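Here is a briefing on one protein model. Look at the sequence and the structure first, then read on.

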Amino acid sequence: VMKTISLTQLLSTCIDSGRQGCEIIKNFQKTGSVKGELKEGGEIKSVVTQADIDAQARIIGALRQTWGDGIRIIGEEDQDEGTPNLEGTFLNKHILKETSLEDEEIPVEEITLFIDPLDGTREFVEGRLQNVASLIGIARNNRTLAGVIGLPFPDGTTESDVMVHYAIADQKESAGSWPTNESGTDKKLHPGVTILTGDSTNQVLMNATAIAMSISEDAHHTILGGTAAKLMKVATEPDCLAILHFKTELWDTCATEALIASKGGKVTDLFGSSLVHASNRPFGNIFGVVASSGSSKMTKLHDELCSRMRADPESVHQIFKKWLVNEPLSPQAIDVARDLDGIPFTVAKIQNQLLPNIDDNRVLLKAYSVPESGAWRGMMSTGGRILLDWKTNEGDYNDLPSSVFYKRIVMADLPHARDKLTSAPHKLIRDVRSYQVDTSFLTSRACQQGLIKEAGLRISKVFGSDLRPTAANLSPKAQ
């Protein structure tokens, strides 16, 4: 039974399978057999073709034949069903053997492959072939690790050869192409900043676009179809920022985030929180996506856009009313008030944490807010004060807290922590252990009962914690 897998060998096979998927898509176009059927409610954007289905079957089938059933694969078209028997077909594990990429052995259970066999199906059906791509993303412990972006029609025609781009997210300048493309693709669409969006009329997206345009004095707005097409522009052309709609899925962003990150760019949701590519995530990128090219200028624009979106009460209410309930009266640190999986807290979850084992209709947490004025985003942690809006019968539960303090530490989301991984990994291990000690002490009976109740010391009452340390024998990078 395979316990670990080589990163460069896995990425090599994804490159090979991505190329094969692209060849299938290309052949459909050449034979003139492109015909689409609508999936979701008859919307043209949800079209699916036989090319989608056949390309995914080939990609997943070849990966399964090479690596077995132990590796977790999530595909867009009906998950991992209906893959063909490709017995005797093995993918090339050594495409990247002669490169300078840093390799490592990764436990198989930590890996998930996200596959979008044909991104831009609407573009494919309507003939905008240059916007079509095949995506294979590699996630490790819910974060993007590496990705493959296959282009069946690099120049927009069937005459050019298939091109496959690849990258490892945390290895700067790891981006490459297969076959090797010496000419590169970096170029400007035009002078100044380019704001890329689709043609959605969603009011929140329109607000975000208007805000981005107002921040930069030299911005130009360009409408471009296809998620991968927009994100490839961000990765390969300077001074680009893309704003994606709320229906993109994890297989749309896993591979492309790796390419952007490897070039120093940034990808978050529309409110500044890191994307989470977890196999069990209950929804896709429902908080939107914003991606920016790798420069201090674009990072500043990215961060300012997210900050202003958090300060826009209409946008925050439209996207987060399921969690916050009430429309906010002030800017909200909604990127901070999330669990370790990046999901906002529900009022029920907060109430259950504060009042465990109490099922009493005389008390109800109606809503909460997370004012930006009470939040911080530090080098090694984030946090803020959550204000609570209770509903109780008069005279009942008079000692309910009006607010609670929340501290969140997710190392993968903190740029300073990621930098420490390279510059001082031993300090990162020390930090993790110190957080474990802090949490263990504050949640202990000795602290909460002995020191607070019996000795009368003024120490914060801890309502709960969620500590997910990795195995102590793992390397800092693995942790």
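What is the strand order in the open sheet of 5 strands? The order is 12-11-13-15-14, with mixed pairing. This is a predicted model, in which local features need pLDDT of at least 70 and side-chain atom pairs count only at pLDDT 80 or more, while totals for chains, interfaces and linings use all residues. Residues are numbered from 1 along each chain as its sequence is written, and side-chain values use heavy atoms, with hydrogens and water left out.

**Terms for strands and helices**

- Helices (H or I, at least four residues) and strands (E, at least two) are DSSP runs, numbered from the N terminus.
- Two strands pair if DSSP finds at least two bridges between them.

- Strand 12 (219-223) and strand 14 (266-268) stand at the edges. Each has a single partner strand, so one side of each is left without a neighbour in the sheet.
- Neighbouring strands of this sheet are turned by 15° against each other on average, direction ignored. Such angles run from 0 to 180 degrees between N-to-C directions, and the axes are lines fitted to C-alpha atoms, for helices over the stretch in contact.
- Helix 4 (residues 203-215) packs on the sheet. Helix 4 touches strand 11 (193-197), strand 12 and strand 13. Contact means heavy atoms within 4.5 Å.
- The direction of helix 4 makes about 165° with that of strand 13.
- Strand 13 and strand 15 (residues 289-292) run antiparallel, joined by 4 bridges. Leu-244 stands opposite Val-289 in strand 15.

**Leu-241, a residue of strand 13**

- Leu-241 sits in strand 13 (residues 240-244).
- Is Leu-241 buried or exposed? Leu-241 is buried, because its relative accessible area is 0%. Buried means under 20% relative accessible area, exposed over 50%, and partly exposed in between (1.4 Å probe, protein chains only).
- Leu-241 and Ala-219 are 22 residues apart in sequence. Their C-alpha atoms are 9.8 Å apart in space.

- Another open sheet has 6 strands in the order 4-6-7-8-9-10, with mixed pairing.
- Its edges are strand 4 (72-75) and strand 10 (176-178). Each has a single partner strand, so one side of each lacks a neighbour in the sheet.
- Neighbouring strands here are turned by 20° against each other on average, direction ignored.
- Helix 1 (residues 7-31) packs on this sheet. Helix 1 touches strand 6 (111-119), strand 7 (133-140), strand 8 (143-151), strand 9 and strand 10. Its direction makes about 35° with that of strand 8.
- Strand 9 (residues 163-168) pairs with strand 10 in the antiparallel sense over 3 bridges. Tyr-166 stands opposite Gly-176 in strand 10.

**Ala-133, a residue of strand 7**

- Ala-133 is found in strand 7. Ala-133 counts as buried because its relative accessibility is 3%.
- Leaving aside neighbours within four places in sequence, its contacts include Asp-116, Leu-118, Ile-149 and Ala-228.
- Ala-133 and Gly-120 are 13 residues apart in sequence and 6.8 Å apart in space, C-alpha to C-alpha.

**Nonpolar cores**

- A nonpolar core is a set of buried Ala, Val, Leu, Ile, Met, Phe, Trp, Tyr and Cys residues joined through side-chain atoms within 4.5 Å.
- How many residues has the largest nonpolar core? The largest has 47 residues. Those with the most contacts inside it are Ile-243, Leu-270, Leu-305, Phe-320, Tyr-368 and Leu-388.
- Apart from it lies another core, of 32 residues, among them Ile-59, Ala-62, Leu-91 and Val-164.

**Strands 16 and 18**

- Strand 16 (residues 363-369) is mostly covered, with 5 of its 7 residues buried.
- Strand 16 and strand 18 (residues 382-392) pair in the antiparallel sense over 6 bridges. The bridge partner of Tyr-368 in strand 18 is Leu-388.
- Beyond neighbours within four places in sequence, Leu-388 is in contact with residues including Ile-350, Leu-365, Tyr-368 and Pro-401.

**Ser-315, a residue of helix 8**

- Ser-315 lies in helix 8 (residues 313-324). Ser-315 is buried, with a relative accessible area of 0%.
- Not counting residues up to four places away in sequence, Ser-315 touches Val-204, Asn-207, Phe-271 and Met-309.
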